[in-house]
Structure formats: structure tokens, C-alpha cells
Amino acid sequence: MEIMASIMKDHILQLLKEDKRIDGRGLEDFRPLTVETNVIEKAEGSALVKLGDTQILVGIKVDLGEPFPDLPNMGVITTNVEFVPLASPTFEPGPPDERAIELARVVDRGIRESQAIDLEKLVIVPGKLVRVVFIDVHVLDHDGNLLDASGIGAIAALLSTRIPKVEYNEETEEVVMLEEYEKLPVTRIPIPVTLAKIGGNLVVDPNFEEEQVMDGKITITTDENGYISAVQKSEGGSFKLEEIAYVTDLAYKKASEIREKIPGL
Amino acid sequence: MMGKPEGLKLIDENGYRLDGRKKYELRKIKMEVGVLKSADGSAYVEWGKNKIMAAVYGPREIHPKHLQKPDRAILRVRYNMAPFSVEERKKPGPDRRSVEISKVIRGALEPAVILELFPRTSIDIFIEVLQADAGTRVAGITAASLALADAGIPMKDLVAACAAGKIDGEIALDLNKEEDNYGEADVPVAIMPIKNDITLLQMDGYLTKEEFLEAVKLAIKGAKAVYQKQREALREKYLKIVEEVGE
């Protein structure tokens with residue numbers, strides 16, 4: 001461990017003995033959260049999320065394309081995350097590293113497994129032509145807990161998405177985009193909630209300094225129907241079964257608080 | 001999860017699964033330790049139709065050097081699937097799935113290894129999936145943990161792993177490929193059994209809190225059975241050495 005991180009860890013652990021955190025929050029408090037949608041006019045949907053000093057911009061682009069051969073009656077969603085170097089001295093230019101890939105896959109799972117988007121409604125010609133939804137997460141400022149900010153941004157951006165209606169001419173096999181717009185069929189609102197383990201303590205929504213010294217973390221994505229759609233223990237460290245039960249309960253509670261801050265809900 | 005074929009039942013009216021197992025039954029598991037000559041430690045695990053080889057190199061000098069840590073070793077994990085390991089040929093090299101799995105496996109093994117003993121070095125773990133049939137990450141962790149022990153690397157405990165999931169609306173142990181494809185959820189878990197520490201936990205699917213916790217508990221039970229097999233495999237290796245020396 002770097003020297004500064006080791007001094008910081010002692011300090012953070014000392015504070016945690018009295019249930020205090022380095023930025024003055026309680027163990028179960030999120031940082032202030034704001035979500036603003038429709039911030040990029042050229043994108044079909046977008047959201048800017050500020051979680052404390054962490055800033056994430058999510059853009060949604062929607063194209064027409066072919067479905068997967070084994071899922072002819074479903075549209076396609078893909079999630080990509082870029083850790084652009086302007087966001088942190090720890091980010092370097094280049095293709096997504098393992099952190100960005102893991103983050104994208106957990107956000108994707110949360111949305112896909114809850115069937116938050118009704119993919120069957122994205123089919124134009126079964127087996128041939130469907131809508132392809134690209135969820136692109138751009139990290140702008142990294143002050144910790146990028147996963148929750150990205151997941152919140154992704155679902156907020158999807159809710160804000162408007163796509164042109166299309167008409168398909170079976171004889172000419174041509175697709176005509178209409179001037180009329182419709183919403184994406186978003187049916188559920190999955191929200192990820194992450195807790196970090198530092199020493200024997202669990203803290204929700206870890207900031208950058210806490211992430212530097214944590215042993216590991218766990219993310220639980222839940223929807224408004226009381227279902228879990230993704231779980232990911234990440235980095236090192238370990239958890240007891242009782243801690244998993246506690247984290248799950250807190251994830252439901254925090255997710256319902258966060259849901260109220262999403263525009264248009 | 002893929003669209004389930006019409007009428008396919010994963011659990012029949014007598015409670016048997018497609019491969020003849022009961023709900024809480026593991027697939028057949030075979031383990032062997034010290035199977036490779038070049039590696040510092042190695043293990044081979046057959047788990048149902050999964051065939052997994054793991055090797056450990058290290059502690060050894062790190063390349064590139066800037067990765068070295070002044071106070072401990074670093075652990076590196078590469079999970080890789082052979083192109084012929086699955087039905088449709090897998091393009092060689094890391095895809096996004098392998099990158100994520102390598103990262104979570106590292107997180108699952110790291111708490112067990114006493115890295116502080118070997119500053120400025122790396123311990124490199126290579127997991128090769130030779131044949132895949134769902135549950136490769138838990139089989140890979142199980143094999144890697146044995147390979148670490150075989151390499152003589154000090155550990156707080158072995159790491160044992162197993163998955164549980166939901167098929168036809170019921171929580172079941174150790175899903176095979178068909179069950180994973182057409183089931184409702186998969187929950188891989190790794191533990192350090194001595195202290196019941198959970199070092200890997202993922203969930204892919206759609207479960208209530210009760211179902212999720214039931215699956216975690218079931219997977220822990222499975223991992224404990226796997227742990228016994230790991231200990232037997234290690235004991236067998238040393239018994240063999242004793243016999244050879246005795247001769």
C-alpha cells in the first residue's frame with residue numbers, strides 16, 4: 001500500500017471506531033445526489049449524475065440492426081463504460097481496462113436481468129430488424145462509487161430516451177423514420193447500491209479516499225418490485241453471511257430513496 | 001437468460017433434474033494436485049463436464065517492474081477459455097467476460113494468500129478452461145486454490161467455491177449448462193471455510209431477497225463439500241510422495 005494510503009487508512013479506521021466517516025457522513029448515508037436528464041441534445045437520451053464530487057454522463061444512442069440469431073424476437077442493448085483520463089489521475093487513455101469492463105457488465109446485468117427494457121417491443125421485423133440501444137457511460141470526475149452513479153445515470157437516461165417511430169414496408173423492405181417520437185419501453189427501475197468494507201466496518205456509497213483503503217465492496221441492484229437483478233462482490237476482502245443480509249436490506253431502502261430523485265418518475 | 005424451449009422441464013414431477021440429480025446434489029467432482037511439471041504449483045479439476053487446469057508461478061520477479069509493491073506481493077489472475085471448450089468455437093484471447101471473471105477470481109483468492117510475506121514479487125495464477133459446462137469460475141477458483149497450496153504459498157485457508165441458482169422456480173445447487181441457459185438465476189459463491197468468510201459473490205438473474213439468501217446458503221453448503229474434496233486431493237498428493245520416498 002502507498003504510504004499516504006496507509007496513513008489515510010489508519011485515520012479512516014480511527015474515525016470508524018466512533019461510527020464517523022472522513023467526510024462527516026453517517027455509515028448509511030449517501031452523498032448528495034442530483035440527476036439531470038436531456039443534457040445532450042444529439043443523443044436520444046442522456047443523464048448527468050452528480051454524487052458528491054463524482055460526475056457521470058450517460059448518453060443513449062439507438063440504431064437499427066440485426067437481432068442475435070438465438071434471440072430473434074428481442075431488441076439489443078449494450079453497455080459500455082469509458083474511464084476517460086480527464087476524470088482521474090488514475091485513468092489512462094486506451095481501451096477499457098478491467099475496472100471499466102467490470103463496471104459496465106454489472107450495470108448491464110442490473111438492467112438486463114430485471115428486464116427493465118421490454119426488448120420484445122424493440123423488434124421491427126422478427127429475426128431481421130430490431131432497435132439496438134447503446135448505453136454509453138462517460139466518467140467525468142472520479143470521487144468514488146462510480147458504479148452506483150453509472151447505474152443511476154443509465155436508468156435515468158433510458159427513461160429520458162425518445163426514439164422516432166418507424167414504419168416498415170413489407171413489399172419494398174424499406175424502413176421509414178417518422179417525425180413522431182415515442183418513449184423507450186422502460187418498465188422497471190433497477191438501482192445499484194454499493195457498500196465498502198473497511199476493517200470490519202461497512203459504509204454505503206464509498207468516496208475515493210474510502211475506496212483507496214477499503215478491503216472490498218459489494219453492490220446489490222434492486223428494483224421497485226422488491227427483486228434483486230445483480231450482485232457483485234468486488235476487489236479483495238470478505239463478507240459474512242449476516243453482512244450480506246444487512247447489505248441486501250440496506251440496498252432496498254437506499255434504492256427506493258434514490259428512485260425519488262430520478263426525473264420523470 | 002435465453003428463451004426456454006416450450007415445454008422443457010428442468011425438474012421433473014419426481015424432483016429429478018435433466019442429468020438425474022436431485023435439487024441439492026453436486027455434479028461429480030474429481031481433483032488432482034501437481035499435474036504439471038513446469039509450474040510451481042498446479043491442479044486439475046473435473047466438475048461435471050467442466051475440465052479445468054490451473055497453474056501457479058511465483059512468488060517471482062515482476063514484469064513490468066513498476067507494478068511491484070514495496071510491502072507485499074501482487075496477485076495476478078488470468079482466466080482463459082480454450083477455443084474448443086464450448087459448442088461454438090470461442091475466439092482466442094480475452095473477451096469482456098474473461099476480463100471480468102479474472103478480476104473477481106483475483107478478489108476471491110486474494111484474502112486467503114499471505115501476500116505480505118513476499119514484497120516486490122508477483123504470484124501469477126493461470127486458469128485454463130479446457131471444457132466448459134457452466135460453473136467454470138467456481139471450478140477455476142477451486143483449482144487455483146489447490147495450485148496455490150501445491151506451490152507451497154502460505155495461505156490462511158483454502159478457497160472453496162460452488163454455485164447455486166434458480167430453475168423452474170426452485171433454488172437448486174450447482175447448475176449445469178442447460179440449467180444455466182434456461183434457469184432464472186445463477187449465484188456463484190467462494191468461501192474460506194474455517195471462518196465462513198465469503199470472498200466471491202455474484203448474482204445474475206432475478207430473485208427476491210429470500211431466494212437470494214437461500215441460494216447463497218445453499219452454495220456455501222456446496223462449497224464446504226468441495227472443500228473436503230480439496231483436502232483429500234492435497235492429502236493424496238503428499239501420501240504419494242511419502243510412498244515414493246519410502247521406496
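At what angle do helix α2 and helix α3 of chain A pack, and how far apart are their axes? The legends below take up this packing and other views of the structure, which is a predicted model.

**Figure 1. Packing of helices α2 and α3 within chain A.** Helix α2, residues 98–113, and helix α3, residues 146–159, pack at an angle of about 45°, and their axes lie 10 Å apart. The two helices, α2(A) and α3(A), are therefore oblique to each other, and their crossing is right-handed. On the α2(A) side the contact is made by L103(A), V106(A), V107(A) and I111(A), while α3(A) contributes L146(A), L147(A), S150(A), G151(A), A154(A) and L158(A). Sorted by class, the residues of this contact are eight nonpolar and two polar, with no charged residues.

**Figure 2. Helix α5 of chain A against helix α4 of chain B.** Here α5(A), residues 241–259, and α4(B), residues 209–246, pack at an angle of about 160°, with 11 Å between their axes. Because angles over 145 degrees count as roughly antiparallel, α5(A) is roughly antiparallel to α4(B). The crossing of these two helices is right-handed. From α5(A), the residues in contact are L241(A), I244(A), A245(A), T248(A), D249(A) and Y252(A), and they meet K209(B), F212(B), L213(B), V216(B), K217(B) and I220(B) of α4(B). By class, the contact of α5(A) with α4(B) comprises eight nonpolar residues, one polar residue and three charged residues.

**Figure 3. An open sheet with strands from chain A and chain B.** Eight strands, paired in antiparallel fashion, follow the order β10(A)-β9(A)-β11(A)-β12(A)-β9(B)-β8(B)-β6(B)-β7(B). The edges are formed by β10 (201–204) of chain A and β7 (170–173) of chain B, each of which has a single partner strand, so that one side of each is left without a neighbour in the sheet. Direction ignored, neighbouring strands are turned by 20° against each other on average.

**Figure 4. The β6–β7 pair of chain B and the helix on the sheet.** Strand β6(B), residues 160–167, runs antiparallel to β7(B) and is joined to that strand by four bridges; G165(B) stands opposite A172(B) in β7(B). Helix α4(B) packs on the sheet, where it touches β11 (216–222) and β12 (227–235) of chain A as well as β6, β7, β8 (185–192) and β9 (197–208) of chain B. The direction of α4(B) makes about 145° with that of β6(B).

**Figure 5. Chain A as a whole.** The secondary structure of chain A comes to five helices and twelve strands. Its C-alpha atoms fill a box of roughly 75 × 40 × 30 Å along the principal axes.

Notes. Residues numbered from 1 in each chain as written. Chains lettered and ligands numbered in written order. Predicted model: local features only at pLDDT ≥ 70, side-chain atom pairs only at ≥ 80, totals over all residues. Heavy atoms only, no water. Axes fitted to C-alpha atoms, helices over the stretch in contact; angles between N-to-C directions. Parallel < 35°, antiparallel > 145°, perpendicular 65-115°, else oblique. Left-handed = near helix turned anticlockwise from the far one by under 90°. Contact = heavy atoms within 4.5 Å. Nonpolar A, V, L, I, M, F, W, Y, C, P; charged D, E, K, R; others polar. Pairing = 2+ DSSP bridges.
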